[in-house]
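My notes follow in the order I looked things up.

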Amino acid sequence: MSAPNLFLVYVSDVERATAFYSDLFGIKPVVTTPRYVPFEVAPGVLFAVWSGRRDRVAPQTPRTSEVGLMVPGAAAAVDAIHAEWAAKGVAVVEEPHDEVFGRTFVVTDPDGNLIRVSPVDQVA
């Protein structure tokens, strides 16, 4: 059995979402199409924005998942990313705070998709 290797985020405007994620994560798309733009985030693993279901993507649609960015280092590393993204004008919906897994905060993309920053999980 294989592990998941494609993670899709539904967006209403692919061009806007591509610019947002390219700037936020400092990555370039693998290819750009009018409705689908993938980014390779690890060898063989893609994160993509897709508007293929535009009729079903709306801001009032409940979000049931989050994109995660796990960062190495102490709580200060999470706080530094928060400061950088807030300075860019990214919408912060959950300010930095401590959780059972460490320091975390949540922002949204222009469509309201959630993006959580947290520390790298520690394997026992």
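S4 and S7 run parallel and are joined by six bridges. Within this pair I found Val67 opposite Ile115 of S7. I kept in mind that the model is predicted.

Next I looked at the other partner of S7. S6 and S7 run antiparallel, with four bridges between them. I noted two facing positions: Phe105 stands opposite Val117 in S7, and Val106 stands opposite Arg116 in S7. I then followed the chain through the hairpin of S6 and S7. Five residues lie between the strands there, and Gly112 takes a positive phi near 90°.

In what order do the four strands of the open sheet come? I read S4-S7-S6-S5, with mixed pairing. S4 and S5 (91-99) are the edge strands, each pairing on one side only. Neighbouring strands are turned by 15° against each other on average, direction ignored.

I checked the helices against this sheet. H1 packs on it and touches S4, S6 and S7; the direction of H1 makes about 10° with that of S7. H2 also packs on the sheet, touching S4, S5, S6 and S7, and its direction makes about 20° with that of S6.

How many residues of S7 are buried? I got five of the six, so S7 is largely enclosed by the rest of the structure.

I turned to the largest nonpolar core. It has 21 residues, and Tyr21, Val49, Trp85, Phe105, Ile115 and Val117 touch the most other members. Elements giving two or more residues include helix H1 (14-25), strand S3 (45-50), helix H2 (75-87) and strand S7 (114-119). H1 gives the most, with five residues. As background, nonpolar side chains tend to be buried together in soluble globular proteins.

Beyond its neighbours within four places in sequence, Phe105 is in contact with Val78, Ile81, His82 and Trp85, among others. The list also includes Ile115 and Val117.

Last, I looked at Thr104, which sits in strand S6. Is Thr104 buried or exposed? Its relative accessibility is 0%; the cut-off for buried is under 20%, so Thr104 counts as buried. Where does its side chain reach? I found the backbone oxygen of Val117 at 2.8 Å. Not counting residues up to four places away in sequence, Thr104 touches residues including Val78, Glu94, Arg116 and Ser118.

Terms used:
Residues are numbered from 1 along each chain as its sequence is written. This is a predicted model: local features need pLDDT of at least 70, side-chain atom pairs count only at pLDDT 80 or more; totals for chains, interfaces and linings use all residues. Side-chain values use heavy atoms; hydrogens and water are left out. A nonpolar core is a set of buried Ala, Val, Leu, Ile, Met, Phe, Trp, Tyr and Cys residues joined through side-chain atoms within 4.5 Å. Buried means under 20% relative accessible area, exposed over 50%, partly exposed in between (1.4 Å probe, protein chains only). Contact means heavy atoms within 4.5 Å. Two strands pair if DSSP finds at least two bridges between them. Axes are lines fitted to C-alpha atoms, for helices over the stretch in contact, and angles run from 0 to 180 degrees between N-to-C directions. A polar contact is a pair of N or O atoms within 3.5 Å; within protein, one must be able to donate a hydrogen and the other to accept it, and residues adjacent in sequence count only if both atoms are side-chain atoms.
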